[in-house]
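Let us walk through this structure by question and answer. Keep the view open as we go.

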Amino acid sequence: MSSAERYAQLLATARIRERPLLLLPRHFSELELQARWFAGDFGRSFTSTAGEEVEIVQFGTWNRAAGPDFSDAAIRIGHSEIVRGSIEFDLADQNWEAHGHATNPAFDDTVLHVFVEAGPRAFFSRTSAQRNVPQVQVDPATLPAGLAANLPLARPGRCQAPLRDLPEEKVRNILDAAAQFRLARKAQRLGRLAELHGRDEALFQELATALGYKQNKLPFTLLAQRLPLKVLRALPNEIEATLFGVGGFLAAPDLAQFEAATRSYLRALWDKWWPRRSELERLVLPPRTWRLSGTRPLNHPQRRLAALAALAADWPQFLRSLGKDDLKATRDFLLSCAHPYWNFHYTLTSAPAAAEMALIGETRATEILANVVLPLRQAQGREVWPDYQKLPARLTNRRLETGAARLFGDDPRRASFLKTVAQQQGLLQIYEDFCLQDNSDCAQCPFPEQMQKWT
Ligand code: SF4
């Protein structure tokens, strides 16, 4: 049995003992839920409110025109023929009526109405031609942690004492097993995304999510979903302008406020964006989607967006690097990405930096290797664990610190358990599987006992 399978078994044993969970309160925006829907996180097989089986054959594309959220989708109801059309995703079933979809001919080709909350009485989604649109209700409580999550407070948990008494090798072994389990799940997710959208689009979406880390995963994911790689690469000279335009960063054409280098950079972007603006206007992200403050200047989302544009522009070279056996080829490619403006600027409004900065630095490159490239290789059936194990941990974050505080408390070995990406990922997996599922202040958490039985 592999380590990942042993961890899965530990998790399954623990779940048998679980009492009903009181889920942590989470607030999802409609945009986040739509992005999770498009990523297939709710699954692709459902039961409609009328009791029929609904299979999503094709999730379609984010709609650019007035009308439902996703166009060119395909679904199958029961064993009938596949039907093609649009999918509308709403927070509440009655939004169909409240938002005027029932009388709007732009919604006439809707084949599925997905919603989160059902009102007190049965509601039927009808088109202006009085056609009944099948409905599916989805439950955000089933979603794994992803684009946003609430975190419990950091304080040592009940497993701190038994963990402190465990030999170092056993602790490392448990972390490794949890990391392999996590890696396998990421590989499955990438495989599933590739099934839904094709390998390149899946890869592009995951790269975008990795570049959005950690506060802007949602807008980056939305951008890659709304501007598929195929669409961007069809106009290779406009990739960056289109991403910045749909990102909402080219809204105010008052160039006078910017310093000379920024003025000329923005003018070039605007010249390319304005002719496309009306065509893509509906896809432009609202400003509130972005978290522009609280990130280190080096990690500002505008720099990351330029990095995403560079990857899209150099896609064939990126794919070539992925084909090599040695992971170093991809790492070198990522580190070699350059940009005449962004190598010297933190944001569009900052003064030029004194020294040159990498567009994608060592830390981000390692994160991309760990979260995108190696899971992709695993999904392709390649052996990745030896490379994965070697990746050094370059980052920490609140979730990791919280997990470390809960599991290890002040164990002097704490730092030595978190020196690699694999160990950090293992800790995060345990934290999500146990700490985030616990509502008994550790009292009923099965992890301490399960861990002691680990051989
Ligand atoms: S919830 Fe479980 S895994 Fe988390 S700190 Fe408490 S005992 Fe440990």
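**Ligand shell, strands and ring pairs**

Visitor: Which residues surround the ligand?
Guide: This is a predicted model. The ligand is surrounded by residues that include Gly157, Arg158 and Cys159.

Visitor: By class, how many residues in the shell around the ligand are charged?
Guide: Seven residues in that shell are nonpolar, and one is polar. Asp and Arg count as charged. The charged count is three.

Visitor: Which cavity does the ligand take?
Guide: Look at the space taken by the ligand. That space is the largest cavity.

Visitor: In which sense do strands E4 and E5 pair, parallel or antiparallel?
Guide: E4 covers residues 70–77 and E5 covers residues 82–92. Four residues lie between them in a hairpin, and Gly78 in the turn has a positive phi of about 60 degrees. Ile75 stands opposite Val83 in E5. Over five bridges, the pairing is antiparallel.

Visitor: How many bridges join E5 to strand E6?
Guide: E6 spans residues 110–117 and runs parallel to E5. Phe89 stands opposite Val114 in E6. The bridges between E5 and E6 number six.

Visitor: How many aromatic pairs are there?
Guide: Rings of Phe, Tyr and Trp pair if their centres lie within 6.5 Å. By this rule the count is 23.

Visitor: What kind of pair do Phe249 and Trp290 form?
Guide: Their ring centres are 4.9 Å apart. Planes under 30 degrees apart count as stacked and over 60 as edge-to-face. Here the angle is 40 degrees, and the pair is tilted.

Visitor: How many residues apart in sequence are the parts that this pair ties together?
Guide: Phe249 lies in the loop between helix H9 (239–246) and helix H10 (260–280). Trp290 lies in the loop between H10 and helix H11 (301–313), so the pair ties together parts whose separation in residues is 41.

Visitor: Are Phe249 and Trp290 buried or exposed?
Guide: Buried means under 20% relative accessible area. Phe249 has 14%, and Trp290 has 7%. Therefore Phe249 is buried, and Trp290 is also buried.

Visitor: Why does the pair of Trp385 and Tyr388 count as stacked?
Guide: The two residues are three apart in helix H15 (residues 385–390), about one helical turn. Both Trp385 and Tyr388 are buried. Their ring centres are 5.7 Å apart, and the pair is stacked because the planes are at 20 degrees.

Note on methods:
Residues numbered from 1 in each chain as written. Predicted model: local features only at pLDDT ≥ 70, side-chain atom pairs only at ≥ 80, totals over all residues. Heavy atoms only, no water. Pairing = 2+ DSSP bridges. Near = heavy atom within 4 Å. 1 Å grid on protein atoms, 1.4 Å probe; cavity = no way out; pocket = protein on both sides within 12 Å on 5 of 7 lines; lining within 4 Å. Sits in = over half its atoms within 2 Å of the grid points. Phe/Tyr/Trp six-rings, centres within 6.5 Å; stacked < 30°, edge-to-face > 60°. Buried < 20%, exposed > 50% of the residue type's maximum accessible area, 1.4 Å probe, protein only.
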